[in-house]
Amino acid sequence: GLRREGVEFKSPCQATALEEHSDRVRIHAVRRQPVAMTSPATYGEWEPIESLSIEATFVLGADGYDSSVRELLGLNTVRVGPLETFALFEGPQIGPESAMALCLGSNQDSVLLPLPDQRMRWGFQMDAQLDRDPDLESLRKLLEARAPWQFGLPQRVDWSVVTHFERRLARGFGARRTWLVGDAAHVTSPFGGQSMNRGLSEAYDLIEAMTACISDQEPLEGVRQVGEQNERQWQRLLSGADGFELLAHAPPWLGEHAQRLVSALPVSGTDLEQTLEQLGLVMR
């Protein structure tokens with residue numbers, strides 16, 4: 001879709017320097033490619049093949065957990081939650097269900113996420129057996145224990161890993177003409193896919209403000225307001241400092257798991273408030 005609009009792609013690239021001017025940003029970057037697999041030692045290594053220098057009116061740093069844009073802005077991240085370990089699996093969808101499912105437990109939360117092309121991702125929070133190989137047998141046992149309502153069991157696993165996640169928040173989401181979105185600005189656990197989903201919404205809102213600044217000659221202040229609003233929303237989502245109030249129709253289990261649920265739902269702002277009210281919860 002973007003290519004049809006004349007958008008040029010150069011990937012994968014890494015920003016190496018930013019020069020901020022009053023009306024533009026100059027980005028220096030290198031384009032890379034994987035190193036030829038001559039031995040196992042070279043697996044996962046990259047080599048630069050082209051240097052780039054690009055001038056842009058705005059820059060969106062959507063370059064993930066190890067964001068080079070964030071590093072160039074001098075914005076380190078702070079830990080805002082405990083380390084969590086998840087076993088992740090991907091494979092063909094089982095049964096007719098294609099909706100996201102969140103399963104809350106005592107340090108054993110689980111998530112089932114639909115993927116394109118009738119595929120699924122399963123994520124299981126682990127506090128034991130961390131050295132066990134995440135194979136098909138492990139996935140089946142986890143599903144039987146934590147999601148017994150599933151229609152059948154998977155016949156194969158295409159990808160799996162046991163990995164650690166930290167909840168981290170950048171000390172700032174940007175300034176003037178350069179802003180961070182997605183995992184470059186905030187990282188949560190895979191429970192609910194909140195960081196990715198919110199990142200898409202953040203990018204949309206910032207692009208709308210940037211477009212207004214460029215085409216309608218709106219002041220730069222509008223972009224700053226959107227960027228700082230994104231930052232405030234995440235501080236509220238991850239701090240849990242506001243507390244919660246249960247409504248009369250709230251299910252009994254909601255009070256115990258309220259903070260965990262709020263930090264997993266892939267919505268924020270007014271949408272989050274409306275979703276929580278349907279469940280029977282109000283953030284104070």
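Strands S2 (25-34) and S3 (46-56) run antiparallel and are joined by ten bridges; strands here are DSSP runs of E with at least two residues, helices are runs of H or I with at least four, and both are numbered from the N terminus. Two strands count as paired if DSSP finds at least two bridges between them. Within this pairing, Ala-29 stands opposite Leu-52 in S3. S2 also pairs with S1 (13-20), again in the antiparallel sense, over seven bridges. A hairpin of four residues links S1 to S2, and Leu-18 has Ile-27 of S2 as its bridge partner.

The model is a predicted one, in which local features need pLDDT of at least 70, side-chain atom pairs count only at pLDDT 80 or more, and totals for chains, interfaces and linings use all residues. Residues are numbered from 1 along each chain as its sequence is written, and side-chain values use heavy atoms, with hydrogens and water left out. The mean pLDDT (the predictor's confidence in each residue, from 0 to 100) of the protein chain is 85, with 94% of its residues at 70 or more.

Now to the pockets. A pocket is an open set of points, on a 1 Å grid over the protein atoms alone, where a 1.4 Å probe fits, with protein on both sides within 12 Å along at least five of seven lines; lining residues have an atom within 4 Å of a point. H3 gives the most, with five residues. By class, the lining holds 21 nonpolar residues (Ala, Val, Leu, Ile, Met, Phe, Trp, Tyr, Cys and Pro), three charged (Asp, Glu, Lys and Arg) and six polar (the others, Gly among them).

The second largest pocket holds about 680 Å³ of space. Of its 29 lining residues, Asp-183, Gly-193, Ser-195, Met-196 and Asn-197 are the closest to the centre. Two or more residues come from each of S8 (110-115), S9 (119-125), S10 (159-165) and H3. Here too H3 gives the most, with seven residues. This lining has 16 nonpolar, ten polar and three charged residues.

Methods
Grid points are joined across faces, edges and corners, and a volume is the space filled by probe spheres set on the points.
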